[in-house]
Structure formats: structure tokens, C-alpha cells
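Reader: Hi! I'd like a close look at one part of this model, with its surroundings as context. Could you walk me through it?

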Amino acid sequence: MLTLTVNGRERRFDGDPSMPLLWYLRDVLGLTGTKYGCGVAVCGACTVHVDGEAARACMTAMADVAGRAVVTIEGLSAEGTHPVQVAWREVNAPQCGYCQSGQIMQAAALLASTPRPTDAQVDDAMSGVLCRCGTYQRIRAAIALAAGGAR
């Protein structure tokens, strides 16, 4: 039996400790905002926060999150008022929307550690989250807006 905190609530898990966190979040807890993309941690659609840092839930085993705090897109802000979520809406960043929870979680982790990132820091942090629609310019604008900069 392992315990972890998901979106501020303590949870217990007594299944296979090698099970990916993504399946626990989606299939056990019903938190479907975190998406399955590639399954090998290269597309970033499954990005969540583990102890405040961006992590790919598809490649994070349940054993790796024992005793740790996990935040999903549902837990970032229950009302959708996190600055990154607000900026996302302001610049109309999503197109199809599939990757957006991963994009938002990656951007929120970046801004938590680097409140005023340079363009190079944004490129580096966001390079692992792919958008099939190519909305990268709007995503960059949203990050700049959330960081307090201009669009």
C-alpha cells in the first residue's frame, strides 16, 4: 500500500507499483484531463506536477510518487483562475485542445520556478510538449501574458 496526495487529497493505492501514474489518474480516479499521447514521454500530453515539477505521467510509476504530491490540470485551479489558465483563454491558445492540459501544466511549472523566463527558457521548457495543431505562437503569447509581459 502506498499513499500519495492528488490535488490536495490523500489517496491510497494497493495495486501494481509499476503501473503508470497516468492510468491511476484517468482510470482509477477519473481525472481525465491528463491525456494519453505517445506513451513514451516524448509528446508531453500527460504532463502533471509531482512535488511542483513537471513530470510525464505515462512514464512515472506509482512507486515513484509514493509519499509525494501530484497535481493534475483539475487541481491546478478548480475555478480555472490560475494565471496560466487565464492567459490561455485570453489569447485563445487552444485549437483542437488535446495537448493543452499538458501545455498548461508545463507552462505553470516553468513560471513557478522561473517567473520571468527568457524566450530561450520558454523554448527549452516547452520543447517536450508537442502540439499537432501548431499553436506554438499563441502558447508563447499566453506564457508571456501569464508572466506579466505583453502578448
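Are Phe13 and Tyr24 buried or exposed?

Author: Happy to! Keep in mind that this is a predicted model. Both Phe13 and Tyr24 are buried. The model has two aromatic pairs, and Phe13 with Tyr24 is one of them. Phe13 belongs to strand 2 (residues 9-13) and Tyr24 to helix 1 (residues 21-28), so the pair ties together parts that are eleven residues apart in sequence.

Now for the surroundings, starting with the nonpolar cores. The largest one has 21 residues, and Leu76, Val84, Trp88, Ile104, Ala107, Met126 and Ile143 have the most contacts inside it. At least two residues of this core come from each of helix 2 (73-76), helix 3 (83-90), helix 4 (100-113), helix 5 (119-126) and helix 6 (136-146). Helix 4 gives the most, with six residues. Leaving aside residues up to four places away in sequence, Val84 touches Ile104, Ala107, Ala108, Leu111 and Ala146. There is also a second, separate core of 19 residues, with Leu29, Leu31, Ala55 and Ala57 among them.

Finally, the open space. The largest pocket holds about 180 Å³. It is lined by 13 residues, of which Cys43, Tyr98, Cys99, Leu130 and Arg132 are the closest to its centre. Sorted by class, that lining has ten nonpolar, two polar and one charged residues.

How values were computed. Residues numbered from 1 in each chain as written. Predicted model: local features only at pLDDT ≥ 70, side-chain atom pairs only at ≥ 80, totals over all residues. Heavy atoms only, no water. 1 Å grid on protein atoms, 1.4 Å probe; cavity = no way out; pocket = protein on both sides within 12 Å on 5 of 7 lines; lining within 4 Å. Points joined across faces, edges and corners; volume = space filled by probe spheres on them. Nonpolar A, V, L, I, M, F, W, Y, C, P; charged D, E, K, R; others polar. Phe/Tyr/Trp six-rings, centres within 6.5 Å; stacked < 30°, edge-to-face > 60°. Helix = DSSP H or I, 4+ residues; strand = E, 2+ residues; numbered from the N terminus. Buried < 20%, exposed > 50% of the residue type's maximum accessible area, 1.4 Å probe, protein only. Core = buried A, V, L, I, M, F, W, Y, C linked by side-chain atoms within 4.5 Å. Contact = heavy atoms within 4.5 Å.
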